[in-house]
Amino acid sequence: AYHGITLGESQLRSVTRVSIVALKSPQGQFELNPGDEKILKKGWKLVILGTNEQINHFKRLTLLPNKS
């Protein structure tokens, strides 16, 4: 799981090459253009842009069941 670490620490941008354009809170509020210092929180959704290949790579990394 990626919650509790920063976007920069997650390396999701650099590994998948997607653009993370916003974060959406469980209450429906958006934070646009989040920086690498933004801490990811459980229940938040990431709004991303990328090619099909990049988005599929992102999904493979983030939607896998937690094995711990």
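Two strands pair if DSSP finds at least two bridges between them; strands (E, at least two residues) and helices (H or I, at least four residues) are DSSP runs, numbered from the N terminus. This is a predicted model, in which local features need pLDDT of at least 70, side-chain atom pairs count only at pLDDT 80 or more, and totals for chains, interfaces and linings use all residues. Residues are numbered from 1 along each chain as its sequence is written, and side-chain values use heavy atoms, with hydrogens and water left out.

**View 1. Three strands form an open sheet in the order β2-β1-β3.** The pairing in this sheet is antiparallel. Because β2 and β3 stand at the edges, each with a single partner strand, one side of each is left without a neighbour in the sheet. On average, and with direction ignored, neighbouring strands are turned by 30° against each other; the axes behind this angle are lines fitted to C-alpha atoms, for helices over the stretch in contact, and angles run from 0 to 180 degrees between N-to-C directions.

**View 2. Strand β1 pairs with β3 over five bridges.** Strand β1 covers residues 19–24 and β3 residues 45–49.

View 3. The hairpin of β1 and β2 has five residues between the strands, and in it Gly28 takes a positive phi near 95°.

**View 4. Arg13 and Asp36 meet through their side chains in a salt bridge.** A salt bridge is a side-chain nitrogen of Lys or Arg within 4 Å of a carboxyl oxygen of Asp or Glu; by this rule the count comes to two. For Arg13 and Asp36 the N to O distance is 2.7 Å. Arg13 belongs to helix α2 (residues 12–16) and Asp36 to the loop between β2 and β3, so the pair ties together parts that are 23 residues apart in sequence. Buried means under 20% relative accessible area, exposed over 50%, and partly exposed in between (1.4 Å probe, protein chains only). Arg13, at 22% relative accessibility, is partly exposed, and so is Asp36, at 44%.

**View 5. Lys38 and Glu31 form a salt bridge.** Their side chains meet at 2.9 Å, N to O. Glu31 counts as partly exposed because its relative accessibility is 28%.

**View 6. Five nonpolar residues form a patch on the surface.** Val21, Phe30, Leu32, Val47 and Leu49 together have about 460 Å² of accessible area, computed by the Shrake-Rupley method with a 1.4 Å probe; for residues, only the protein chains shown count as cover. Patches are made of residues with over 30% relative accessible area and no salt bridge, with like charges joined within 9 Å and nonpolar side chains (Val, Leu, Ile, Met, Phe, Trp, Tyr) within 5 Å. Strands β2 and β3 each supply at least two residues of the patch. Val21 is found in β1 and, at 30% relative accessibility, counts as partly exposed.

**View 7. Arg60 lies in helix α3.** The helix runs over residues 52–62. Arg60 is partly exposed, since its relative accessibility is 49%. Gly50 and Arg60 are ten residues apart in sequence, and their C-alpha atoms are 14 Å apart in space.
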